[in-house]
Amino acid sequence: MIGFLHELKRRNVLRVAVAYVASAWLIVQAAETLFPIYGISNTALRIVVTLLAIGLIPALALSWAFELTPDGLKRDSERERGSLVTTKSGKAFDRIVIAMLALAVSYFAVDKFIFDSARDRELIETANNREHRPIFEHFDGKNSIAVLPFDNMSSDPKQEYFADGISEEILNLLATVPDLKVIGRTSSFSFKGKNQDLRVIGNSLGVTNVLEGSVRRSGNRIRISAQLVDVSDGTRVWSETFDRTITDIFEIQDNVAAAVVNALRVHVDNAPSRGRPTQNSEAYALFLRGSASLSAFEPRDAAELLLEAIALDPEFAEAHELLAFAYWKQSARVQEPVALQKLVYEHASAALTINPDMMFATALYESGKIEENSYFEQLEAFRRAALAQPSQSAVYDPLIWSLVQSGYFHEAVSFAQRFVQVDPLSGLAHGRLFESLYAAGRTSEAK
């Protein structure tokens, strides 16, 4: 055994192994940094790591059989043992190994103690700067709205999900407007079927405007009526009825959202529009049912429905995004979330392949990276999504959970307070605020 180790040392195999591993590690670190900048997927990074691992075997085999000399590569059997060339070759390898190790240690030190610290300081400073700042401080009183669930006027009571879905889709469109406070689905839909005075609803939700309406579907025809009401005096600000075919459903949603923004005189560069996310009406109906199941805290049922929608239209980006969120919801409830985490990554990645501008899908994509040990990119992606569209209540749940898990308690409190503002009657929002306050040591407020 001692003789074999001596032979490995004499043939520079050990030196080559150390130099190869250090060089491979540096290559992987460089690839991990540069690939995301150029939009190269993690699949390419895995290929690089695999090739480098496989390459170690031929590298060691070559170092056993050959030696690099001033006259080129020579077989070990062709050179003199203990010669000056052999000694110089060994010293050259020593210098290479030392250089590779020095580079590796330097990179690790800079990344760990400078870049990581800078990123942590940035996130903490951001948290401290925003901790007690109201999210809607720049809004005037008119720029707030609740979208109530539209009444199902169809003869088929099973179309209830469709009426609710249309309401939620309009709510989500309005929530993309940064200067408009839009109350979340849970709070708005809590008044479903209660027939309460709109002024009471407005006061309960802290808004000055309410959008209500009805949906009637008959075969391929659809009629949607909507009206915007100022709850301070009950006056109708805007109303319209759309009588179209089912294929015009997305255009109607865009028209309603644009009319509301215009009536409220909210400044926008472009009217909110989702275009046509799918050409398949059956896939869209399944998407709406999946969305309703997810809102009812039934992520498994939602996932099954969304998988059916994607089977009908694999290019339905919003279905992939919502399915990724449904899997994220499930992963938070199980002890071994790795398989579900992979599904989050897979469908978020599919959504971004179709539409790279989906911010929530981007955040879910970051959260699904199993090989990542740092939460930083994930936290930043969720935070950017929340700040860009502060009324999108769905993003707050994973953001706050991730912040608490990674120890950013004050930042979690800040966003949990925002979550409650956006969805004041949501038990989940208040639950996240309690968890954040408790984690931050603010136990009396948590109670």
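This report describes the salt bridges, aromatic pairs and a charged surface patch of a predicted model.

## Basis of the model

Local features in this predicted model need pLDDT of at least 70 and side-chain atom pairs count only at pLDDT 80 or more, whereas totals for chains, interfaces and linings use all residues. Residues are numbered from 1 along each chain as its sequence is written, and side-chain values use heavy atoms, with hydrogens and water left out.

## Salt bridges

Side chains of opposite charge can pair when their charged atoms come close. A salt bridge is taken as a side-chain nitrogen of Lys or Arg within 4 Å of a carboxyl oxygen of Asp or Glu. The count by this rule is 16 salt bridges. In one of them, Arg-185 meets Glu-168 at 2.9 Å, N to O. Arg-185 belongs to helix H6 (residues 185-188) and Glu-168 to helix H5 (residues 160-174), so this pair ties together parts that are 17 residues apart in sequence. Helices here are DSSP runs (H or I, at least four residues), numbered from the N terminus. Buried denotes under 20% relative accessible area, exposed over 50%, and partly exposed the range in between (1.4 Å probe, protein chains only). Arg-185 is buried at 16% relative accessibility, and Glu-168 is buried at 9%.

A salt bridge also joins Asp-397 and Lys-329, with an N to O distance of 2.7 Å. This pair links distant parts of the chain, since Asp-397 is in helix H15 and Lys-329 in helix H11 (residues 317-331), 68 residues apart. Asp-397 is buried, with a relative accessible area of 3%, and Lys-329 counts as buried at 13%. Salt bridges with shared partners join Lys-329, Asp-397, Arg-432 and Glu-435 into one network. A further salt bridge connects Glu-251 and Arg-244 at 3.9 Å, N to O. Glu-251 is partly exposed because its relative accessibility is 40%, and Arg-244 is partly exposed at 23%.

## Aromatic pairs

Rings of Phe, Tyr and Trp (its six-membered ring) pair if their centres lie within 6.5 Å; planes under 30 degrees apart count as stacked, over 60 as edge-to-face and the rest as tilted. Twelve aromatic pairs are counted by this rule. Tyr-345 and Tyr-365 are stacked, because their ring centres are 5.0 Å apart and their planes lie at 25°. The two residues link distant parts of the chain: Tyr-345 is in helix H12 (residues 338-354) and Tyr-365 in helix H13 (residues 359-367), 20 residues apart. Both tyrosines, Tyr-345 and Tyr-365, are buried.

Tyr-396 and Phe-419 form a stacked pair, at 5.6 Å centre to centre and 15° between the planes. Tyr-396 in helix H15 (residues 396-405) and Phe-419 in helix H16 (residues 409-422) are 23 residues apart, and the pair links distant parts of the chain. Tyr-396 is buried at 0% relative accessibility, and Phe-419 is buried at 3%. Elsewhere, ring pairs link Phe-325, Trp-328, Phe-360, Phe-382 and Trp-401 into a cluster.

## Negative surface patch

Glu-282, Glu-298, Asp-301, Glu-304 and Glu-308 gather in a patch of negative charge on the surface. Such a patch is made of residues with over 30% relative accessible area and no salt bridge, with like charges joined within 9 Å. Helix H10 (residues 299-312) contributes the largest share of the negative patch, three residues. Glu-282 is found in helix H9 (residues 281-295).

Terms used: Patches are made of residues with over 30% relative accessible area and no salt bridge: like charges are joined within 9 Å, nonpolar side chains (Val, Leu, Ile, Met, Phe, Trp, Tyr) within 5 Å. Accessible areas come from the Shrake-Rupley method with a 1.4 Å probe; for residues, only the protein chains shown count as cover. Lys and Arg count as positive and Asp and Glu as negative; His and the chain ends are not counted. The place of a charge is taken as NZ of Lys, CZ of Arg, CG of Asp or CD of Glu.
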